[in-house]
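Colleague: I am new to reading structures, and I would like to learn it one feature at a time. Please pick some examples and walk me through them.

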Amino acid sequence: MTRVTLCQISIDHDPKNNLESVRDALAAAPEADLAVFPEATLTRFGRGILDRAEPLDGPFVHGLREAARDAGTALIAGTFEPAGARVHNTAVAIDANGELVAAYRKIHLFDSFGARESELVAPGDAPVVAELGGLRVGLITCYDLRFPELARALVDQGAQAFAVIAAWAGGPFKEEHWVTLARARAIENTMWTIAVGQPPHEDGWGVGRSLLIDPLGVTVHDLGPAAGVRTGKIDMARAESVRKTLPSLEHRRLGVTGS
């Protein structure tokens, strides 16, 4: 049993303020084994990310590591790393001892609905699974959620749960896309799915609706639109039970479908 906290915190432009929000969220959930924060926890989206991006040994990730160690809680959070003239949109995975155990650079960039993330962000090129809080967690960032092949690649790497971090852009029907896609990734992979986003901002980023979804697609927690922190439990016995009833992963015909 792993206690997972959904940390749907509001994100400021100032990384120092965001680091304080991370510490406050961890303090509000002392029982958590793993706390998941949104994409872009470092700073709000916009051209300012080019100036505020930091290497993984910079002060923001150092602060996250201190916060995780002080709380005794593993965490996942979004940052931006310098990448030449652009940045990487990076999810960092930090264990309860404050060690940086993995970094996932977002593969699929949001060049959709009129946005052009690729103008500021360079894509990553490798799926990542991290050992955190007693779980092997596959890392997914925002627009990645629309690509089921990434989730399946994480399954093939041994993921036991998905952590989706997002600053999901608002707009007509976008909230429904977020909820539907998160549940779809859980259902098709019979996988616990932790999906954490930013609450809505006036600039259109964020829809809230952070979710904990069980391997049958049941929504265990839904935080709605407001900032908040909530803890739930991931029970791997539940996953084993669902997979006995619905062994779809065993039924894959890779020689026929190719994936």
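Colleague: Let me start with a single side chain. Is Arg252 buried, partly exposed or exposed?

Modeller: Burial is read from relative accessible area: under 20% is buried, over 50% is exposed, and partly exposed lies in between (1.4 Å probe, protein chains only). Arg252 has a relative accessibility of 23%, so Arg252 counts as partly exposed. Keep in mind that this is a predicted model, in which local features need pLDDT of at least 70 and side-chain atom pairs count only at pLDDT 80 or more, while totals for chains, interfaces and linings use all residues. Residues are numbered from 1 along each chain as its sequence is written, and side-chain values use heavy atoms, with hydrogens and water left out.

Colleague: Which side chain meets Arg252 in a salt bridge?

Modeller: A salt bridge is a side-chain nitrogen of Lys or Arg within 4 Å of a carboxyl oxygen of Asp or Glu. Here the partner of Arg252 is Asp156, at 2.9 Å from N to O. Asp156 sits in helix H4 (residues 148-156) and Arg252 in the loop between helix H6 (236-245) and helix H7 (254-257), so their contact ties together parts 96 residues apart in sequence. Asp156 itself is exposed, at 52% relative accessible area. When I say helix or strand, I mean DSSP runs numbered from the N terminus: H or I of at least four residues for helices, E of at least two for strands.

Colleague: How many salt bridges does the structure hold?

Modeller: The structure holds 16 salt bridges. Another one joins Asp33 to Arg3, with the closest N and O atoms 3.1 Å apart. This pair also links distant parts of the chain: Asp33 is in the loop between helix H1 (15-27) and strand S2 (34-36), Arg3 is in strand S1 (residues 2-8), and 30 residues separate them. Asp33 is partly exposed at 22%, and Arg3 is partly exposed at 34%.

Colleague: In which helix do Glu188 and Arg185 lie?

Modeller: Both belong to helix H5 (residues 174-189), 3 residues apart, which is about one turn of the helix. Glu188 is partly exposed at 28%, whereas Arg185 is buried at 7%.

Colleague: Now for sheets. In what order do the strands S6 to S11 stand in their sheet?

Modeller: Strands of a sheet pair through backbone hydrogen bonds, either parallel or antiparallel. Two strands count as paired if DSSP finds at least two bridges between them. In this case, 6 strands form an open sheet in the order S6-S7-S8-S9-S10-S11, with mixed pairing. Strand S6 (129-132) and S11 are the edges and have a single partner strand each, so one side of each lacks a neighbour in the sheet. From one strand to the next, the twist averages 20°. For a closer look, S6 and strand S7 (residues 135-141) pair in the antiparallel sense over 4 bridges, and Val129 has Gly138 in S7 as its bridge partner.

Colleague: What about backbone angles: where does Cys142 lie, and what is its phi?

Modeller: Cys142 lies in the loop between S7 and H4. Its phi is near 45°, a positive value in a residue other than glycine. Cys142 counts as buried, at 8%. Thr190 also has a positive phi, near 45°. Look for Thr190 in the loop between H5 and strand S9 (192-197), where Thr190 is buried at 0% relative accessibility.

Definitions and conventions: Axes fitted to C-alpha atoms, helices over the stretch in contact; angles between N-to-C directions.
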